[in-house]
Amino acid sequence: MNLFASAIDWILDPANYVGLNAIPLRIGQHLVFSLVTVLIASAIAIPLGYLIGHTGRGRGLAVTTSGGLRAIPTLGLLTLVALWVGIGVVAPYVALTVLAIPPILAGAYTGFEAIDRRTVDAARAVGMSELQIVRKVEVPLGLPLLIGGLRSATLQVIATATLAAYVADLGLGRYLFSGLKTRDYAEMLGGSILVILLALALEGIFALIQRFVVPRGVSGRLDTAPTLRTGSPTAAR
Amino acid sequence: MTWVLANLGLIWARTLDHVVLSLPPIVLCFVVAVPLGWLARRYRLSRGIILTGAGLLYAVPSLPLIFVLPAVIGTSLLSPVNVIIALTLYGIALMVRVVSDGLDSVDADVRQSASAMGYSTWSRFWQVELPLAGPVLLAGMRVVAVSTVSLVTVGAVIGVQSLGSLFTDGFQRGIQAEIIAGLVATVGLALLFDGALVLAGRVLMPWTRRITAAKPSAPVEVSAA
Amino acid sequence: MIEFRSVSKRFPDGTLAVEDFSLVLPSHKTTVLVGSSGSGKTTLLRMINRMVDPTSGSVEIDGEDIATLPPVKLRRGIGYVMQNSGLLPHRTVVDNVATVPLLRGTPKRQARADALAMLDTVGLDRSLADRYPSQLSGGQQQRVGVARGLAVDPNILLMDEPFGAVDPIVRAELQQELVRLQKELDKTVVFVTHDIEEAFLLGDQIVILSEGGRIAQVGSPAELLANPADDFVASFVGADRGRRALHVERHGNEDVVVDSDGRLAGVLRSEGVR
């Protein structure tokens, strides 16, 4: 018996395309959950990162805090929050937002820091207000690194969202855990393959996005690091 | 706190399990990534293949990979070997890029003067390029160490014992102190590994001390995206 | 007219960059601040557009204390050209030149038309208008920098070692271009450099600074060469040596001019003397 063949059979089985456990539904849940998590984390991390990057203050604190957050295993945080708030989607949202914040924060402030100081100085000298410097100079020039941070965060959330199924009826992780319970290796393997394909597809999409958001005129300057996303590698994935 | 005091033996046993699961990937990924990183830098063709492969491998989530591995290598689902291999692959994916970048960061003048003095390609790599790439490699290994320690906990959901078992057990039995103990122990172990690497860096690379003191984790942060 | 009145600047880290500095910079003239690094010349320049605020003392433009003016508005009225041009890398040449007019609310179409005209003024081909700064040579980037500085037709143009990073041949070209532009535009130019040759070439008034923004001597190039105030100035302008210390030797019927190393510099002719 070929294990992969049975997993493919499971993926293609029409029975898995109906009802509350349908594959498209699970993929949709997985994506929506990940998207919302990244949005929440962005709403917190981007303004904060821009503030740090523009003023140059609080960088040390941000580095230390992010470093600390990264060392926290997501499974631990997830189960702890789930004990407090109960089974459901709240715990995964909290735990994965914590996971997504460090890479986005780092992307935001390193994006600003990577800009030649003389460019910012010149913008100020010709009479741009601080807000104009942020809007017209720092945000566009910092975009490639911010997108890099978002890419890193999204991939980690997509990967780790699998764990969310441990405490909530959510996403593709359900197949892994229900298969584990019923000793149905085809289901576990099929579910795992789906998560991996989803992650690779998003990786590809982000690689494309990143290629297109580099402001024209600065191409080639910042694209040395996109595949080394050490942003937040400690995700429990 | 009472739970912790009553279960020190259990915590210690799980900590040892955790070390056994996390040390091999950290060491193995370095051993494999150095030659791969060198190969990635050496030829244009191998560079594209190896770095793209590493990038894709890095995108593969660990937990599903742990489920897939038995089908590929024939281990049993509950075998700790799956966790070790999955995390080794993850570490390789990250370190190949770091090694390649680190070797790139070696000053071309230094490389040329080393050749001019009569180093062979082989001896130049070991005695000049690799040591000079050291600070970048160290930064990468610190990331690998901390993330590996954290990722090992995931194995607990399929029953591979580690400090992560304190999370699953504490969750199922509703013991908050157990989960917190697991969190503290995991973070503590990560910091211990990290500290050991920093110390090793100081001893092995005395010429970097001043710079290291000035900008501790800068290389890792810079590469954050 | 720009006037410094007993200006001092102490930076937060404790360095005293400028101490009790007073100077009048006449309108429609080029004043060159020259000194080595640490002489506070750039700090002084940046006080004129409030990029740096003095710790004590005041800077006045046409009798008005600029500390009372909002910095952003002040800067939009003063041209500024820096080393490495400081252009925005994500904007084309024409958009870079139009930056300040757009900030001041000039309609986009008008600003772009003016910017194109300004490229002509600084001797740049209009075909470069849609290039990005990274696609230009260093000399071309500096010309764009000058064009941007002149875009709002400011009375005052501040130039902070604008030609410091280009190679000597291009530098000489840009210097000549600036001399030509200044004849045409008649701005009040404040120019910072560490190159005394450049100062002599461009300056109507030259200010030689020693450490901490102390004025060693102020004067025209001729005054500095003829009457250096002290040994520091003499050695700085090179009046005591090399090809600035010339003397006449008689050779047959001709007077030849020889420098201090004994190298021939030229022939002295009575009709050649103006």
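The secondary structure of chain A consists of 9 helices and 0 strands. The model described here is a predicted one. Read along its sequence, chain A has the pattern α-α-α-α-α-α-α-α-α. The C-alpha atoms of chain A fill a box of roughly 70 × 40 × 25 Å along the principal axes.

Chain B has 11 helices and 0 strands. From the N terminus on, the elements of chain B run α-α-α-α-α-α-α-α-α-α-α. The box for the C-alpha atoms of chain B, also taken along the principal axes, is roughly 65 × 45 × 30 Å.

Chain C is divided into domain 1, residues 2–236, and domain 2, residues 241–274. Taken over C-alpha atoms, the centres of domain 1 and domain 2 of chain C are separated by 36 Å.

### Annotated spans

An unreviewed UniProt entry lists residues 27–206 of chain A as "domain: ABC transmembrane type-1". In the model, residues 27–206 of chain A are 86% helix and 0% strand. The end C-alpha atoms of that span of chain A lie 18 Å apart.

For chain B, an unreviewed UniProt entry gives "transmembrane region" for residues 20–40, 49–73, 79–99, 143–167 and 179–200.

| Span | Helix | Strand | Distance between end C-alpha atoms |
|---|---|---|---|
| Residues 79–99 of chain B | 95% helix | 0% strand | 30 Å |
| Residues 179–200 of chain B | 100% helix | 0% strand | 31 Å |

### Helix packing within chain A

Helix α2 of chain A, residues 23–55, packs with α7(A] at an angle of about 145°, and the axes are 9 Å apart. The crossing of α2(A) and α7(A) is right-handed. On the α2(A) side, the contact is made by A:His30, A:Phe33, A:Ser34, A:Thr37, A:Val38, A:Ala41, A:Tyr50, A:Gly53 and A:His54. On the α7(A) side, the contributing residues include A:Val134, A:Glu138, A:Gly142, A:Leu150 and A:Ala153. Further residues of α7(A) in this contact include A:Thr154, A:Val157, A:Ile158, A:Ala161 and A:Ala164. By class, the contact of α2(A) with α7(A) has 11 nonpolar, 7 polar and 1 charged residues.

### Helix packing within chain B

In chain B, the axes of helix α2, residues 8–42, and helix α9, residues 176–204, come within 11 Å and cross at roughly 40°. That angle makes α2(B) oblique to α9(B). The crossing of α2(B) and α9(B) is right-handed. Helix α2(B) brings B:Ile11, B:Thr15 and B:His18 to the contact, while α9(B) brings B:Ala181, B:Ala185 and B:Leu189. The classes in the contact of α2(B) with α9(B) are 4 nonpolar, 2 polar and no charged residues.

### Contacts between chains

There are 2 pairs of chains in contact, and of these chains A and B share the most contacts. In that pair, 48 residues of chain A are in contact with 49 residues of chain B. On the side of chain A that touches chain B, the elements giving two or more residues are α1 (3–12), α3 (59–71), α4 (74–85), α5 (90–113), α7 (130–164), α8 (173–182) and α9 (185–213) of chain A. Of these elements, α9(A) gives the most, with 9 residues. The residues on the side of chain A that touches chain B divide into 30 nonpolar, 14 polar and 4 charged.

The contact between chain A and chain C takes 18 residues from chain A and 19 residues from chain C. Helices α6 (117–125) and α7 of chain A each supply at least two residues of the side of chain A that touches chain C. The largest share of that side, 7 residues, comes from α6(A). By class, the side of chain A that touches chain C has 10 nonpolar, 4 polar and 4 charged residues.

Chain B and chain C are joined by no contact. The closest C-alpha atoms of chain B and chain C lie 18 Å apart.

Key: Residues numbered from 1 in each chain as written. Chains lettered and ligands numbered in written order. Predicted model: local features only at pLDDT ≥ 70, side-chain atom pairs only at ≥ 80, totals over all residues. Contact = placed C-beta atoms within 7 Å. Helix = DSSP H or I, 4+ residues; strand = E, 2+ residues; numbered from the N terminus. Nonpolar A, V, L, I, M, F, W, Y, C, P; charged D, E, K, R; others polar. Domains from an automatic or database assignment. UniProt positions renumbered as here; feature names shortened; annotations may be inferred. Axes fitted to C-alpha atoms, helices over the stretch in contact; angles between N-to-C directions. Parallel < 35°, antiparallel > 145°, perpendicular 65-115°, else oblique. Left-handed = near helix turned anticlockwise from the far one by under 90°.
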